[in-house]
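Hello! Here are my notes for you to read with the model open beside them. Take the points slowly, and find each residue on the screen as you go.

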Amino acid sequence: MMSGSRPLDTLFHLVHGVKRQLQSIASSIDEDLAPMHIRVIKIIDRKKLCTAIDIANYLNRDKAQVTRLISTLIKKGLITKQPNKDDKRSQFLVISNEGEDVIKAIAQFDKNIMEIMTRGLEENEIKEFERVAKLMTANLE
């Protein structure tokens with residue numbers, strides 16, 4: 001086991017740097033978008049047939065908070081709701097045409113961030129980082 005808080009400090013610096021980049025992405029797309037809006041729209045894009053409950057579970061957030069995030073994305077025209085034929089109480093969230101443009105911009109930003117973050121790293125080092133980060137995340141859950 002590692003002693004001291006150096007690894008934890010390093011992790012905080014990494015998380016803070018990623019958060020700054022997310023804020024930069026969000027504000028370049030729309031001044032009123034927060035990094036959490038970006039995360040939500042990315043989840044909707046990745047998970048076809050996505051509901052608000054799916055997002056709340058994935059982000060480990062309460063449904064009210066997720067509902068507010070979704071409402072903002074709907075008002076901005078980035079996502080729409082479609083009926084869920086299997087469950088009349090829920091609706092699927094779908095990326096709109098305008099939202100698709102935002103998804104493309106986010107993908108380009110993500111690519112650029114990854115290129116910057118992984119500069120000077122070998123593929124095996126990146127894979128090892130992913131493995132260790134997933135293990136640490138699982139340990140905290």
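The numbered points below walk through some features of this structure.

1. A word before we start. What you see is a predicted model. Please keep that in mind while reading the values below.

2. Let us begin on the surface. Which residues make the nonpolar surface patch? Leu8, Leu11, Phe12, Leu14, Val15, Val18, Met114, Met117 and Phe129 form it together, and it covers about 790 Å². Two helices, α1 (6–29) and α5 (97–117), each give two or more residues to this patch. The largest share comes from α1, with 6 residues.

3. Met114 is found in helix α5.

4. Next, look at helix α3, which spans residues 52–59. Its buried residues are Ala52, Ile55, Ala56 and Leu59. They cover an arc of only 100 degrees around the axis, so they sit on the same side of α3. On the other side of α3 you will find Asn57 and Tyr58, which are exposed.

5. What do the buried residues of α3 pack against? Their partners are α2 (35–46), α4 (63–75) and β2.

6. Now for two residues with a backbone angle worth a look. Leu49 has a positive phi of about 60 degrees, although Leu49 is not a glycine. Where is Leu49? This residue lies in the loop between α2 and α3. With a relative accessibility of 57%, Leu49 counts as exposed.

7. The second one is Asn60, which comes just after α3. Its phi is near 55 degrees, again a positive value in a residue other than glycine. Asn60 has its place in the loop between α3 and α4. Is Asn60 buried or exposed? At 69% relative accessibility, Asn60 counts as exposed.

8. On to charges. Side chains of opposite charge can pair when their charged atoms come close.

9. Two of the pairs involve lysines. The side chain of Lys48 meets that of Asp45 in a salt bridge, at 3.9 Å from N to O. Here Lys48 counts as exposed, at 57% relative accessibility, while Asp45 is partly exposed, with a relative accessible area of 22%. In another pair, Lys47 and Asp54 form a salt bridge at 3.7 Å, N to O. Lys47 counts as partly exposed at 37% relative accessibility, and Asp54 counts as partly exposed at 23%.

10. Helix α6 (residues 123–140) holds a pair of its own: Glu128 and Arg131 both lie in it. How far apart are Glu128 and Arg131 in residues? They are 3 residues apart, about one turn of the helix. Their side chains meet in a salt bridge of 2.7 Å, N to O. Glu128 counts as partly exposed at 38% relative accessibility, and Arg131 is partly exposed with a relative accessible area of 47%.

11. Stay in helix α6 for one more residue, Ile126. At 17% relative accessibility, Ile126 counts as buried, because buried means under 20%. Which residues does Ile126 contact, leaving aside its neighbours within four places in sequence? They are Thr118 and Leu121.

12. Finally, visit Ser90, in the loop between β1 (79–83) and β2 (91–95). Ser90 is buried, with a relative accessible area of 19%. Not counting residues up to four places away in sequence, Ser90 touches Thr51 and Asn84. With Asn84 there is also a polar contact: the side chains of Ser90 and Asn84 are joined at 2.9 Å.

Key. Residues are numbered from 1 along each chain as its sequence is written. This is a predicted model: local features need pLDDT of at least 70, side-chain atom pairs count only at pLDDT 80 or more; totals for chains, interfaces and linings use all residues. Side-chain values use heavy atoms; hydrogens and water are left out. Patches are made of residues with over 30% relative accessible area and no salt bridge: like charges are joined within 9 Å, nonpolar side chains (Val, Leu, Ile, Met, Phe, Trp, Tyr) within 5 Å. Accessible areas come from the Shrake-Rupley method with a 1.4 Å probe; for residues, only the protein chains shown count as cover. A salt bridge is a side-chain nitrogen of Lys or Arg within 4 Å of a carboxyl oxygen of Asp or Glu. Helices (H or I, at least four residues) and strands (E, at least two) are DSSP runs, numbered from the N terminus. Buried means under 20% relative accessible area, exposed over 50%, partly exposed in between (1.4 Å probe, protein chains only). A polar contact is a pair of N or O atoms within 3.5 Å; within protein, one must be able to donate a hydrogen and the other to accept it, and residues adjacent in sequence count only if both atoms are side-chain atoms. Contact means heavy atoms within 4.5 Å. The arc is that of the directions from the helix axis to the C-beta atoms.
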